[in-house]
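Thanks for coming. Please have the sequence and the model open while I talk.

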Amino acid sequence: MIACGKIENADVKNPGTTPTTPSNPVGTKPDSARIVIIGSSTAAGMGATPVDSSWVNRLKLSTKENKRILTYFNLGIVGLTTYQGIPKGSVQEGRPETDTNHNVTAALSFRPSLVIMSYPTNDVANDYTDEEIMDNYKEIIYLLDAAKVKYIIFGTQPRNFPDGFHRTRLKTLNEKMKLAYGEHFTNIYDTLAAEDGTIKTYLSYGDGIHLNNTGHNILYHMIADHAIFQEVIK
């Protein structure tokens, strides 16, 4: 099975460090908003060269002069799955434990206005079922809804699995997510995927898993233009 390489987690505010709780945990001012990203290697910036070209950092740069002050916290880290993103709970045999430094609970500790989720391929790579994955998203969303925090969910990305079965799973899971999450969903799969379910060559970083700068730019525009993101930043 293809595995993600290791890369240092990059916090948008202070690259190369572990994100910390903001100095004002009570809440955000009316003229400011906090945006937290949770997910795996694409969220962490893998494939972008330099990391400033990653979709998260492009988003930060493009909104630097935004009238409403925006603060970004990137909790994305290489290799994570939805199991590590869910609230801390019972551990299932053969499944990873919740990562309490990078999960939805950690995201909520920043008192965010918006949480963006990106777990595009690792769950399928680990052969978790669609039911498992959707149940994990349900747990994450339940906590966000309870906290009245807006959210955006990236769909799956194509990945150059050697077998067609896993490539097809990414496509069908993307369709299920699109139906389930409606206005919160961002459909990146259809733009990034070739007919055989691999990454389009001109968008590929070259490892069969990650996107290059052009691919990251597409992700950036999809979030920047998303109605929920626009609502949060105004």
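How many cavities of 30 Å³ or more does the count come to? The count comes to two. Before I go through them, some bookkeeping. This is a predicted model, in which local features need pLDDT of at least 70, side-chain atom pairs count only at pLDDT 80 or more, and totals for chains, interfaces and linings use all residues. Residues are numbered from 1 along each chain as its sequence is written, and side-chain values use heavy atoms, with hydrogens and water left out.

Now the cavity rule. Rolling a probe the size of a water molecule over the atoms shows where empty space is left. Here a cavity is a set of points, on a 1 Å grid over the protein atoms alone, where a 1.4 Å probe fits but cannot get out, and lining residues have an atom within 4 Å of a point. Grid points are joined across faces, edges and corners, and the volume is the space filled by probe spheres set on the points.

The largest cavity holds about 40 Å³ of space. Its lining has 10 residues, and S41, T42, P120, T121 and I209 lie nearest the centre. By class, three of the lining residues are nonpolar, seven are polar and none is charged. For the classes, Ala, Val, Leu, Ile, Met, Phe, Trp, Tyr, Cys and Pro count as nonpolar, Asp, Glu, Lys and Arg as charged, and the others, Gly among them, as polar.

The second largest cavity also comes out at about 40 Å³. Among the residues that line the second largest cavity are Y119, P120, T121, Y137 and L173. A helix here is a DSSP run of H or I with at least four residues, a strand is a run of E with at least two, and both are numbered from the N terminus. The lining of the second largest cavity divides into six nonpolar residues, three polar and one charged.

Next, the sheet. In what order do the five strands of the open sheet stand? The order is β2-β1-β3-β4-β5, with parallel pairing. The strands β2 (69–74) and β5 (185–186) are at the edges with a single partner strand each, so one side of each has no neighbour in the sheet. Pairing requires that DSSP finds at least two bridges between two strands.

Going through the pairs, β1 and β2 run parallel and are joined by six bridges, with R34 opposite T71 in β2. Strand β1 (residues 32–39) pairs with β3 over five bridges, again in the parallel sense, and G39 stands opposite S118 there. Between β3 and β4 (residues 150–154) there are four bridges, also parallel, and V115 faces Y151 in β4.

Is β3 buried or exposed? Five of the five residues of β3 (residues 114–118) are buried, so the strand is largely enclosed by the rest of the structure. Buried means under 20% relative accessible area, exposed means over 50%, and partly exposed is in between, with a 1.4 Å probe and protein chains only. L114, I116 and S118 point one way from β3, while V115 and M117 point the other way.

Helix α2 (residues 55–62) lies across β1, β2, β3 and β4 and runs at about 165 degrees to β2. Helix α6 (residues 130–146) packs on the sheet as well, touching β3 and β4, at about 160 degrees to β4. For these angles, axes are lines fitted to C-alpha atoms, for helices over the stretch in contact, and angles run from 0 to 180 degrees between N-to-C directions. Contact means heavy atoms within 4.5 Å.

V104 counts as buried, at 0% relative accessibility. Beyond four places in sequence, V104 has contacts that include I38, G85, I140 and L143. V104 and I38 are 66 residues apart along the chain, and their C-alpha atoms are separated by 7.2 Å.

Last, the backbone. Most residues other than glycine have a negative phi, and most peptide bonds are trans. T49 and P50 are joined by a cis peptide bond, with omega about -5 degrees, and P50 is in the loop between α1 (41–44) and α2. D127, not a glycine, has a positive phi of about 65 degrees. D127 sits in the loop between α5 and α6 and is partly exposed at 40%. K148 has a positive phi too, of about 60 degrees. K148 is in the loop between α6 and β4 and is exposed, with a relative accessible area of 75%.

Key. 1 Å grid on protein atoms, 1.4 Å probe; cavity = no way out; pocket = protein on both sides within 12 Å on 5 of 7 lines; lining within 4 Å.
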